[in-house]
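Hi there,

Here is the structure I promised to pass on. Have a look at it first, and my notes on what turned up follow below.

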Amino acid sequence: MAGRFDHNPFAEEEVNPFADQVARGKASGQSNYGGGAFSAVGIFNRNARYASEEDAAVGECVRYLPKPVSSNMIFWILTTVPGSNCCITKGDNEEHRADNLNLNPTSRLSPLPPEPAGFNYDRDAPIDIPLDTTTDLKKKERELRAKEIELTRREQDVKRREDALARAGGIVLEEKNWPPFLPIIHNDIANDVPVHLQRLAYIAFSTWLGLFLCLLWNVIAVSAAWVKGAGPTIWFLAVIYFIAGVPLAFVLWYRPLYRAFRTESAMKFGWFFLFYLLHLGFCIFAAVAPPIVFKGKSLAGILPAINIIGDSAIVGILYFVGFGLFCLESVISVYVIQQVYMYFRGTGKEAEMKRQAARGAIRAAIS
């Protein structure tokens with residue numbers, strides 16, 4: 001006959017994840033889990049008893065809470081007592097020595113190692129934050145003073161222009177400021193020309209300076225040819241080109257372009273296109289220097305260079321350099337007139353100039 005309390009095969013065994021691995025494995029037959037450090041909970045047969053009277057006399061490790069779960073099961077709470085050797089048996093007559101629970105109250109989980117203060121776990125590189133020294137502070141102070149002086153100067157310049165404009169009754173007075181060592185013209189692209197046109201204005205100004213350089217080198221090359229016996233006539237022509245060409249270029253096409261950028265005047269743009277095309281044609285003509293006037297030796301072009309290099313290598317080299325300068329000036333001038341024309345058409349100034357020309361023609365016809 002079976003025991004007084006038969007085991008229910010359909011009963012679900014409760015599993016406590018904090019119970020000891022050995023005790024839970026013996027009781028439930030499932031896989032082991034890590035138990036707690038001081039207590040364990042399990043379900044055992046009601047007939048379970050102490051392994052020996054001596055163990056019970058010294059205060060055995062098993063203490064239970066008598067709450068029946070079913071007709072033959074009871075809920076046990078296992079606690080540990082220091083120095084105990086607990087064994088639990090099951091059944092009516094047979095004693096089965098259980099494994100030691102090994103619930104040592106002094107055994108604890110090892111504490112986690114302290115985490116470093118950084119977020120990358122010892123992978124942070126040390127960062128040295130330099131503090132401002134006295135030298136840095138003095139340097140910054142000097143920079144601030146320089147900026148303040150510059151701003152004050154600009155304010156005074158603007159105020160002076162406004163006062164001059166007010167005294168002139170709306171007429172803009174251009175102060176001569178270039179070249180800095182001997183101001184003879186007004187050229188202040190950074191303050192007069194809009195930001196989006198400043199680059200093109202600087203390139204156009206460089207073509208005017210390039211023409212100055214080309215004509216000056218032309219005088220040098222022709223002077224060398226005159227010394228070698230080419231005659232004084234070509235030298236006088238070269239000097240005339242230089243004296244007349246540079247100021248006329250400034251008045252006829254650079255200043256109209258400069259003012260067109262400032263005022264967006266369609267007529268100023270038209271004036272620039274007209275005379276800049278003449279400038280471009282002259283540069284191309286000077287680069288070739290055909291033998292039209294005095295055999296072309298008054299201009300340092302490619303044809304006179306080929307003709308002269310046989311008589312004098314030095315003069316021929318000077319003419320070849322002049323040819324290269326005129327070619328470079330021609331290429332940059334083509335770029336400038338192309339960019340200005342694209343801007344002129346993009347802003348609608350072309351149509352405006354046509355309307356103004358049509359109105360002028362009508363007025364001339366009526367009058």
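The buried residues of α7 are A266, F269, F272, F273, F275, Y276, H279, L280, C283, A286 and A287. Buried here means under 20% relative accessible area, with exposed over 50% and partly exposed in between (1.4 Å probe, protein chains only). Helices (H or I, at least four residues) and strands (E, at least two) are DSSP runs, numbered from the N terminus.

Before going further, a word on conventions: this is a predicted model, in which local features need pLDDT of at least 70 and side-chain atom pairs count only at pLDDT 80 or more, while totals for chains, interfaces and linings use all residues. Residues are numbered from 1 along each chain as its sequence is written, and side-chain values use heavy atoms, with hydrogens and water left out.

Back to α7. Its 23 residues should span 33 Å at 1.5 Å a residue, and the end C-alpha atoms are 34 Å apart, which agrees; the expected span is 1.5 Å times one less than the number of residues. After α7 comes A289, with a positive phi near 55° although A289 is not a glycine. A289 sits in the loop between α7 and α8 (302–308), and its relative accessible area of 1% makes it buried.

**Helix α6**

The same check works for α6: 31 residues should span 45 Å at 1.5 Å a residue, and the end C-alpha atoms are 44 Å apart, which agrees. There is a bend of about 40° in α6 at Y254, and a proline, P256, follows within four residues. The bend is the angle between axes fitted to the seven residues ending at a position and the seven starting there. Just after α6, E264 has a positive phi of about 60°. E264 belongs to the loop between α6 and α7 and is partly exposed, at 23% relative accessible area.

**The nonpolar cores**

Which residues have the most contacts inside the largest nonpolar core? They are W208, W253, F261, F269, F272 and V340, in a core of 38 residues. A nonpolar core is a set of buried Ala, Val, Leu, Ile, Met, Phe, Trp, Tyr and Cys residues joined through side-chain atoms within 4.5 Å. The elements giving two or more residues to this core are α5 (195–230), α6 (233–263), α7 (266–288) and α9 (313–346). Of these, α5 gives the most, with 10 residues.

Contact means heavy atoms within 4.5 Å.

V193 lies in the loop between α4 (189–192) and α5 and counts as buried, at 4% relative accessibility. Leaving aside neighbours within four places in sequence, V193 is in contact with D188, Q198, A201, Y258 and F261. V193 and A260 are 67 residues apart in sequence, yet 9.3 Å apart in space, C-alpha to C-alpha.

The whole structure has 23 aromatic pairs. Rings of Phe, Tyr and Trp (its six-membered ring) pair if their centres lie within 6.5 Å; planes under 30 degrees apart count as stacked, over 60 as edge-to-face and the rest as tilted. W178 and W208 form an edge-to-face pair, 6.1 Å centre to centre with 65° between the planes. This pair links distant parts of the chain, 30 residues apart: W178 is in the loop between α3 (134–168) and α4, and W208 is in helix α5. W178 counts as partly exposed at 24% relative accessibility, whereas W208 is buried at 8%. W178 is also joined to P179 by a cis peptide bond, with omega about -10°.

**The chain overall, and the record**

The protein chain has 10 helices and 5 strands, and 31% of its 367 residues count as buried. Residues 24 or more positions apart account for 54% of its contacts with a separation of 6 or more.

An unreviewed UniProt entry places the feature "transmembrane region" at residues 200–227, 233–257, 269–293 and 313–337. UniProt positions are given in the numbering used here, feature names are shortened, and annotations may be inferred rather than shown by experiment. In the model, residues 269–293 are 80% helix and 0% strand, with end C-alpha atoms 33 Å apart. Residues 313–337 are 100% helix and 0% strand, and their end C-alpha atoms are 36 Å apart.

Best wishes
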